Amino acid sequence: MLDPKLLRADPQNVAVQLARRGFQFDLDRFNELEARRKQLQVETEKLQADRNAGSRRIGQAKTQKLDVSPLLEDMDRIKKQLDTHTAALDALQAEFQQFLLGIPNIPHASVPDGRDETANVEVRKWGTPRPMPFAPKDHADLGEALGQMDFAAAAKLTGARFVVLRRELARLHRALIQFMLDVHTREHGYEEVYVPYLVNGASLLGTGQLPKFASDQFSLKGEQDWWLIPTAEVPVTNLLRDEMVPADRLPKKWVAHTPCFRAEAGAAGKDTKGMIRQHQFEKVELVQATVPEKSYEALEELTAHAEVILKKLELSYRVVALCAGDLGFGAARTYDIEVWLPSQNRYREISSCSNFEDFQARRMLARYKKGQSEKPELLHTLNGSGLAVGRTLVAILENYQDARGAIAIPTALQPYLGGLNTIG
């Protein structure tokens with residue numbers, strides 16, 4: 001959520017910055033809400049002053065043993081007016097809060113201009129795609145030919161955009177999770193956490209999925225306000241909600257493996273075949289929280305940590321800086337890591353690493369304090385996939401296939417598979 005003080009100080013500039021990402025800030029609506037708030041606040045403060053003055057007059061009259069009936073009647077009138085104004089002000093503040101919750105973050109000054117992914121800027125590449133002297137198959141065809149990737153069984157159990165993995169592919173999927181967690185905890189210094197896969201609405205509100213993206217979430221029917229997590233970002237980042245962290249305990253660096261559940265309401269018709277875009281998938285998520293002056297340094301570090309996984313797996317990839325129009329709702333700056341997929345002859349996203357600055361922290365009231373005499377300040381939060389497990393599996397199948405449809409196992413993963421070096 002944006003700082004209301006920033007909006008009030010220079011709403012025109014905020015509108016200009018938000019226009020970079022294609023968002024039309026409703027300046028008229030904001031000015032209307034502000035005018036009503038100021039008027040109500042002035043009237044409420046005057047009534048409060050009248051009430052206080054009336055209380056003093058009643059006290060003085062009682063001391064002088066005068067008739068206080070007229071004064072009490074006047075106080076009753078003031079109290080009723082004050083109650084009405086207070087209720088109106090509370091309702092207006094709630095309306096203003098809902099207005100703020102629908103406004104995305106302001107892009108960082110370093111974010112390139114552009115309306116969509118075609119304007120994203122390549123930052124660097126690593127590796128060279130393997131030459132294939134045959135027509136490469138896509139991962140779905142490879143997995144089904146092996147008899148180990150079963151979309152029909154998943155459709156029978158649940159519906160479209162689910163998969164059943166069998167035998168070595170199921171083992172490979174599990175090995176990838178363990179491998180990623182080991183690298184991030186042993187080499188990169190992240191604390192591993194296990195978190196609930198169900199969260200309440202307040203948690204989704206805190207990280208920005210609610211209220212704007214309710215249709216992309218899976219909610220549970222029943223008395224509890226429970227939702228399936230779309231990513232571990234939600235429960236892990238919300239560990240900081242309503243917390244005050246001593247500055248000497250920063251940065252916080254957490255890694256978590258969870259399943260993720262997404263309705264994909266805004267992605268109808270995209271990547272309907274295979275494992276690229278599913279309703280249920282696994283991720284190993286990296287989350288950091290730090291002081292504002294170090295958050296962009298942390299973004300570079302977090303992105304590099306995600307890249308290490310692809311380097312160890314010897315998968316060619318590139319890093320792109322998202323343009324303003326392609327940024328996620330709460331992100332101030334984002335790097336996408338895209339892995340090479342031979343069947344598509346292009347790079348596809350496998351991780352998105354973002355700095356949210358204080359956007360999420362303001363919604364969650366996640367703060368830090370340098371010392372007892374210092375004023376609390378909002379944290380900066382960051383997260384990124386380290387990596388999306390299903391898409392990493394896809395990349396291995398496609399990049400390590402041979403002409404017969406067998407799959408070589410990357411050297412880094414062989415210890416996790418009992419020395420297995422080939423599937424098929």
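Helix H4 covers residues 69-101, and its 33 residues should span 48 Å at 1.5 Å a residue; the end C-alpha atoms are 48 Å apart, which agrees. The expected span is 1.5 Å times one less than the number of residues. Helices here are DSSP runs of H or I with at least four residues, strands are runs of E with at least two, and both are numbered from the N terminus.

This is a predicted model, in which local features need pLDDT of at least 70 and side-chain atom pairs count only at pLDDT 80 or more, while totals for chains, interfaces and linings use all residues. Residues are numbered from 1 along each chain as its sequence is written, and side-chain values use heavy atoms, with hydrogens and water left out.

**Helix H4 and the cores**

Buried residues of H4 include Met75, Ile78, Leu82 and His85, as well as Phe96 and Phe99. Buried means under 20% relative accessible area, exposed means over 50%, and partly exposed lies in between (1.4 Å probe, protein chains only). Among the elements that cover these H4 residues are helix H1 (4-9) and helix H3 (27-63).

A nonpolar core is a set of buried Ala, Val, Leu, Ile, Met, Phe, Trp, Tyr and Cys residues joined through side-chain atoms within 4.5 Å. The largest one has 51 residues, and Leu172 and Ile396 touch the most other members. Helix H7 (residues 167-186) gives the most to this core, with 9 residues. Another core, of 21 residues, lies apart from it and has Val14, Phe25, Leu40 and Phe99 among its members. Phe99 also belongs to an aromatic cluster with Phe25, Phe30 and Phe96.

Back at isoleucine 396, contacts (heavy atoms within 4.5 Å) beyond its neighbours within four places in sequence include Leu172, Leu176, Gln401 and Pro410.

**Aromatic pairs**

Rings of Phe, Tyr and Trp (its six-membered ring) pair if their centres lie within 6.5 Å; planes under 30 degrees apart count as stacked, over 60 as edge-to-face and the rest as tilted. The structure holds 10 such aromatic pairs, and two of them are set out here.

| Pair | Type | Centre to centre | Angle between planes |
|---|---|---|---|
| Tryptophan 126 and tyrosine 317 | stacked | 5.8 Å | 20° |
| Phenylalanine 213 and phenylalanine 329 | edge-to-face | 5.4 Å | 80° |

Tryptophan 126 lies in strand S1 (residues 121-126) and tyrosine 317 in strand S11 (residues 317-321), so this pair ties together parts that are 191 residues apart in sequence. Tryptophan 126 is partly exposed at 30% relative accessible area, whereas tyrosine 317 is buried at 1%. The phenylalanine pair also links distant parts of the chain, 116 residues apart.

Three strands form an open sheet in the order S8-S14-S15, with mixed pairing; two strands pair if DSSP finds at least two bridges between them. The edge strands are S8 (244-246) and S15 (377-378). Strand S14 (residues 367-369) runs antiparallel to S15 and is joined to it by 2 bridges; in one of the pairings, tyrosine 368 has glutamate 377 as its bridge partner.

Most residues other than glycine have a negative phi, and most peptide bonds are trans. Here, the bond from leucine 210 to proline 211 is cis, with omega near 0°, and proline 211 sits in the loop between H8 and S6. Glutamate 357 has a positive phi of about 50° and is buried, with a relative accessible area of 19%.
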